[in-house]
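Here is a short note for a colleague who is new to this structure. Please look at the sequence and the model first, then read the points in order.

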Amino acid sequence: MSDDEFRAAMSRLAAGVVLVTAHDPDDGPSGEDVGMTATAFLSVSLDPPLVLVSLRNDSRMDDLLAEVPVWAVSLLSESQRHVAGRFAMKGRVSDRLLFADLPYTRGPHSGAPLIGGALATLECRTESRVVAGDHTLVVARVLATTLPSAEGGPLTYFRGKYRTLG
């Protein structure tokens, strides 16, 4: 099986789209917020409340979450396709401008941005990291949740494109 065959098969699995965020306190005088779009995110356990996100090895987010134990996730709504696309760009030098015009609050537990208009936000603390091929699976305990928006449906990713339900 080729990489392209595997990628084509997996593109037929619909996935929710989230924005993973963290605050890097070591980047500059007041630190920097970092964000990454992810589709490999899932609930693992209710008791205790655990979630899992898959990060590409040696990505900025993988490196940051190896050092910063608390971070956040915003479950994006169908109206936030622009947010997902913005943080999915590869090769960017800084995330500072990406957050500039987005409404967000800073999570009290993580210090990370919680995106306004998201269907839900979660603040998390890393419990374990497992290297799995070219990715690292990060399992985290959910410290707090908010439900900032009840409007609209979820943003999904299917066959290489952002989509909405319905």
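1. **Ground rules.** This is a predicted model, in which local features need pLDDT of at least 70, side-chain atom pairs count only at pLDDT 80 or more, and totals for chains, interfaces and linings use all residues. Residues are numbered from 1 along each chain as its sequence is written, and side-chain values use heavy atoms, with hydrogens and water left out.

2. **Salt bridges overall.** Side chains of opposite charge can pair when their charged atoms come close. How many salt bridges does the structure hold? The structure holds 7. The term means a side-chain nitrogen of Lys or Arg within 4 Å of a carboxyl oxygen of Asp or Glu.

3. **Arg129 and Asp62.** These two residues form a salt bridge, and their closest N and O atoms are 2.5 Å apart. Arg129 sits in strand S9 (residues 120-132) and Asp62 in helix H2, so the bridge ties together parts 67 residues apart in sequence. Helices (H or I, at least four residues) and strands (E, at least two) are DSSP runs, numbered from the N terminus. Are the two partners buried or exposed? Asp62 is buried at 5% relative accessibility. Arg129 is partly exposed at 32%. Buried means under 20% relative accessible area, exposed over 50%, and partly exposed in between (1.4 Å probe, protein chains only).

4. Arg125 and Glu127 meet in a salt bridge, at 3.4 Å from N to O. Arg125 is partly exposed at 34% relative accessibility. Glu127 is also partly exposed, at 41%. Arg141 forms a salt bridge with Glu127 too, with the closest N and O atoms 3.1 Å apart. Arg141 belongs to strand S10 (residues 135-146) and Glu127 to strand S9, so this pair ties together parts 14 residues apart in sequence. Shared partners join Arg125, Glu127 and Arg141 into one network. Arg141 is partly exposed, with a relative accessible area of 27%.

5. Leu46 is in the loop between strand S4 (41-45) and strand S5 (50-56). Its relative accessible area is 78%, so Leu46 counts as exposed. Leu46 and Arg141 are 95 residues apart in sequence, and their C-alpha atoms are 9.9 Å apart in space.

6. **Charged patches.** Which residues form the positive surface patch? They are Arg12, Arg81, Arg159, Lys161 and Arg163. Arg12 lies in the loop between helix H1 (3-10) and strand S1 (15-16), and is partly exposed at 47%. A patch of negative charge gathers Asp26, Asp58, Asp63 and Glu67. Asp63 is in helix H2 (residues 60-67), and is partly exposed at 41%. Patch residues have over 30% relative accessible area and no salt bridge; like charges are joined within 9 Å, and nonpolar side chains (Val, Leu, Ile, Met, Phe, Trp, Tyr) within 5 Å. Lys and Arg count as positive and Asp and Glu as negative, while His and the chain ends are not counted. Each charge is placed at NZ of Lys, CZ of Arg, CG of Asp or CD of Glu.

7. **A nonpolar patch.** Met1, Phe6, Met10 and Leu13 form a nonpolar surface patch, with about 490 Å² of accessible area together. Accessible areas come from the Shrake-Rupley method with a 1.4 Å probe; for residues, only the protein chains shown count as cover. Leu13 is in the loop between H1 and S1. With 55% relative accessible area, Leu13 is exposed.

8. **Backbone details.** The peptide bond from Asp47 to Pro48 is cis, with omega near 0°. Pro48 is in the loop between S4 and S5. Asp58 is not a glycine, yet its phi is positive, near 65°. Asp58 lies in the loop between S5 and H2, and is exposed at 65%. Arg159, also not a glycine, has a positive phi of about 50°. Arg159 is in the loop between S11 and strand S12 (161-164), and is partly exposed at 46%.

9. **A buried residue.** Thr156 is in strand S11 (residues 155-158). Thr156 is buried, at 11% relative accessibility. Leaving aside neighbours within four places in sequence, its contacts (heavy atoms within 4.5 Å) are Ala15, Gly16, Val17, Lys161, Tyr162, Arg163, Thr164 and Leu165.
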